[in-house]
Amino acid sequence: MRKPIIAGNWKMNKTPEEAAQLVKDLIPLVKDAKCDVVVCTPAVDFAAVKPVIEGTNIKLGAQNVHFKESGAYTGELSADMLKAAGCEYVIIGHSERRQYFGETDKTVNLRTIAAVKAGLKAIVCVGEMKDEREAGYTDMIVMYQTQMALHGLTAEELENVIVAYEPVWAIGTGLTATDEQANETIGVIRKAIAYKFGEEAAAKIRIQYGGSMKGSNVKGLMAQPEIDGGLIGGASLKAADFAQVVNF
Ligand code: PGA
């Protein structure tokens, strides 16, 4: 049985003060959650959020990590820095990083390896663009991105990886993949993992759906057998909205 995991991706939102308030509001609303609950905040918010969630069921995550331990990489953060700041999770390869910041399958792979080796749990994002789906390439794209991202890891290390299937056309657009579309493509991702790491690892790994997931559609998505959780953008920015998703 795979334990569901719902993670908020706050993206470039919330000052430290706003962040602390949001998690304060969230704590009583999600304290009985049956799933793992994570908030991936901007790095400047870690210090404000960490003491507030201490001892609760809410875990802290980052939105990116560099693959080197230290050095001349202006603007980047290492896995050890994230851990020292209280992060247990980190999002890697989000489509916004791929689209706007030149992230490639190769750098996603390097970041994933660095995160897992350092003891972080990596939430690795894959997903097709609208024209790729329309052209019938969805399966090829997600299989390729998944296998590239996880290349070089062992089946044991995969226990610290969560894959997030996020069709790019569904992110922040209000468009959601249908329950069946999401389930089917996540099934394809699981097969890609089975080819590379074996059936057992594939059966164990948690694969989230992301892309306009919210209170009104979470039930249907989570009822699908392949879907093990969600990566939530817009609906993670208000405590009540995020709690609705968490308590699906
Ligand atoms: P959204 O974002 O829920 O606002 O579509 C999801 C994501 O980008 O992780």
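**Reading strands, rings and a ligand site**

Modeller: Strand β5 (residues 121-126) is mostly covered, with five of its six residues buried. Buried means under 20% relative accessible area, exposed means over 50%, and partly exposed lies in between (1.4 Å probe, protein chains only). Strands (E, at least two residues) and helices (H or I, at least four) are DSSP runs numbered from the N terminus. This is a predicted model, in which local features need pLDDT of at least 70 and side-chain atom pairs count only at pLDDT 80 or more, while totals for chains, interfaces and linings use all residues. Residues are numbered from 1 along each chain as its sequence is written, and side-chain values use heavy atoms, with hydrogens and water left out.

Colleague: Which strands does β5 pair with, and how many bridges join them?

Modeller: Two strands pair if DSSP finds at least two bridges between them. Strand β4 (residues 89-92) runs parallel to β5 and is joined to β5 by four bridges; here Val90 stands opposite Ala122. Strand β6 is also parallel to β5, with five bridges between them, and Val163 in β6 is the bridge partner of Val124.

Colleague: How should I read the two faces of a strand, for example in β1?

Modeller: In a regular strand the side chains alternate between the two faces of the sheet. In β1 (residues 5-9), five of five residues are buried. Ile5, Ala7 and Asn9 lie on one side, Ile6 and Gly8 on the other, and both faces are covered.

Colleague: What are the partners of β1?

Modeller: Strand β2 (residues 36-40) pairs with β1 in the parallel sense over five bridges, and Gly8 has Val39 as its bridge partner. Strand β8 (residues 229-232) is parallel to β1 as well, through four bridges, with Ile6 opposite Gly230.

Colleague: What unit do β1, helix α1 and β2 make?

Modeller: A crossover is right-handed if, with the strands pointing away from the viewer, the path from the first strand over the helix to the second runs clockwise. The β-α-β unit made by β1, α1 (residues 16-30) and β2 is right-handed.

Colleague: How many aromatic pairs are there?

Modeller: A pair of aromatic rings is described by the distance of the centres and the angle of the planes. Rings of Phe, Tyr and Trp (its six-membered ring) pair if their centres lie within 6.5 Å; planes under 30 degrees apart count as stacked, over 60 as edge-to-face and the rest as tilted. The count by this rule is two aromatic pairs. One involves Tyr100 and Phe101, whose centres are 6.4 Å apart with planes at 85°, so this pair is edge-to-face. Tyr100 and Phe101 are both exposed.

Colleague: Is Tyr165 buried or exposed?

Modeller: Tyr165 counts as buried because its relative accessibility is 0%. This residue belongs to β6 (residues 161-165). Its side chain makes a polar contact of 2.9 Å with that of Glu128. A polar contact is a pair of N or O atoms within 3.5 Å; within protein, one must be able to donate a hydrogen and the other to accept it, and residues adjacent in sequence count only if both atoms are side-chain atoms.

Colleague: Which residues are closest to the ligand?

Modeller: A residue is near a molecule if one of its heavy atoms lies within 4 Å of it. The ligand is surrounded by 13 residues, the closest being Lys11, His94, Glu166, Gly172 and Ser212. A polar backbone atom of Gly172 is 2.7 Å from a ligand oxygen atom. For the side chain of Asn9, an N or O atom is 3.5 Å from an oxygen atom of the ligand.
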